[in-house]
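Hi,

Here is the structure I promised to pass on to you. Have a look at it first, and then read on for my notes.

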Amino acid sequence: MLDINNIREQFPILSTQVYGRPLIYLDNAATTQKPRCVVEAEREQYYTANANVHRGVHYLSQQATDLLEQARQRVSRFINAPSEQQIIFTRGTTEAVNLVAASYGSMLSEGDEVIISEMEHHSNIVPWQLLHERQGVKLRVIPFNDRGELDLQAYARLFTERTRLVSIAHVSNVLGTVNPIRDMISLAHRYGVPVMVDAAQSVPHFRVDVQDLDCDFLAFSGHKIYAPTGIGVLYGRRSLLEQMPPYQGGGEMISTVSFDKTTFEGIPYKFEAGTPNYVAAHALAVALDFVDGIGFDAIYTYEQQLTAYATEQLSRITGLRIFGQSEQKDAVVSFLVGDIHHLDMGTLLDRLGIAVRTGHHCAQPVMTHYGVEGMVRASFSFYNNEAEVDALAEGIQRVAKMF
Ligand code: PMP
């Protein structure tokens, strides 16, 4: 059992008001709020241990470097990577996908194929389209059914002798679908094809173990798991990372530089050009301690119950249609009510103090699938509670009456 009131007290923003009403924050899939320990870790580092990392012999630089490398170990343990050398710090999921598309992608040739799915976030579509434009690599797309489940038979049929990578979301940010990623990886491996997992929406909600999944790349964003913005993670299989060329050039990633020849550092530094966001990396480690302190068993059970409760309450509302009804679903409820525009719904809920997201959610192909321009999305964290879900349901009904 979680002590939600105690948890909520650790997030100062949750006790603020908007338009004179208590804030009800249901936009957690976009970004999560930050507990005091995370904010204080950042402040503390700037006050006591701030210096640029790796280059310095002086005390502060060594302290900052230690914190960064400890954070790498912490992340490595969190996702059960075989070694912290396989953890690359990025700005977020988007940069991690772009890194793989640019670096692994540079080893592909015209006519090679990458499989993605119809439910991807734009950050797992556009980098591959750019690769298509640069190098003629083709995209193959796994469709989903109206419940929001991937068509696994279609997936199996997409493999050809030119398939070079599969890149798919673990959990859809719109439909909440938890894809059967382990089976999808094992199928790809039967064809000798590596798999990248976009874990932006899974890592905050349940335990993700890269060795258990046997994935080849995995990406997530710190800001969706209670850490600061501007830090994210790319995990990669060692043999792949070692073969791949650098992503960006600059300081930190080189071994020697001359005008005749430059040699590069080994992994992970080869992929980390420039000054990293070392303060956010340390705060990410603190956020992971915080989440582990609560415990994923409790988090998962609670969030599943809350999502089921929200689904039940919202389903009772006349004219409300929920998008995404897969068997395995996580912490997201996307909906529309009658022909009320998603923006009108979002704007009026906001006036009641309820923060939800409206629009295409950076997944326009999902909107196209259902023939809608946008949806309203409520997304949950363990700090949300049933009273907030009740307020959402009441708010939706109030708005519906106005139309
Ligand atoms: N993938 C998914 C499934 C997401 O939900 C998001 C964020 N909405 C991203 C990728 C991109 O994450 P970021 O903007 O932090 O890079």
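This is a predicted model: local features need pLDDT of at least 70, side-chain atom pairs count only at pLDDT 80 or more; totals for chains, interfaces and linings use all residues.

I would start with strand 14, which covers residues 332–337. Six of its six residues are buried, so the rest of the structure largely encloses this strand. The burial holds for both faces: Val-332, Ser-334 and Leu-336 are buried on one side, and Val-333, Phe-335 and Val-337 are buried on the other.

Strand 14 pairs with strand 13 (residues 320–323); these two run antiparallel and are joined by four bridges.

**Helix 14 and the helices it packs against**

The other part I looked at is helix 14, residues 386–402. Which way does helix 11 lie relative to helix 14? Helix 11 spans residues 296–315, and its axis comes within 10 Å of that of helix 14, the two crossing at roughly 25°. Since an angle under 35 degrees counts as roughly parallel, helix 11 is therefore roughly parallel to helix 14. The crossing is right-handed.

On the helix 11 side, the contact is made by Leu-306, Tyr-309, Ala-310, Gln-313 and Leu-314; on the helix 14 side, by Glu-386, Val-389, Asp-390, Leu-392, Ala-393 and Ile-396. Sorted by class, this contact of helix 11 with helix 14 holds eight nonpolar residues, one polar and two charged.

Helix 12 (residues 342–351) packs on helix 14 too, with the axes 10 Å apart and an angle of about 120° between them. Helix 12 and helix 14 are therefore oblique to each other. Their crossing is right-handed.

Met-345, Leu-348 and Leu-349 of helix 12 touch Leu-392, Gly-395, Ile-396, Val-399 and Met-402 of helix 14. This contact of helix 12 with helix 14 has seven nonpolar residues, one polar and no charged ones.

Happy browsing, and do write back with any thoughts.

Best wishes

Technical notes: Residues are numbered from 1 along each chain as its sequence is written. Side-chain values use heavy atoms; hydrogens and water are left out. Buried means under 20% relative accessible area, exposed over 50%, partly exposed in between (1.4 Å probe, protein chains only). Two strands pair if DSSP finds at least two bridges between them. Axes are lines fitted to C-alpha atoms, for helices over the stretch in contact, and angles run from 0 to 180 degrees between N-to-C directions. Angles under 35 degrees count as roughly parallel, over 145 as roughly antiparallel, 65 to 115 as roughly perpendicular and the rest as oblique. A crossing is left-handed if the near helix is turned anticlockwise from the far one by less than a right angle, and right-handed if clockwise. Contact means heavy atoms within 4.5 Å. Ala, Val, Leu, Ile, Met, Phe, Trp, Tyr, Cys and Pro count as nonpolar, Asp, Glu, Lys and Arg as charged, and the others, Gly among them, as polar.
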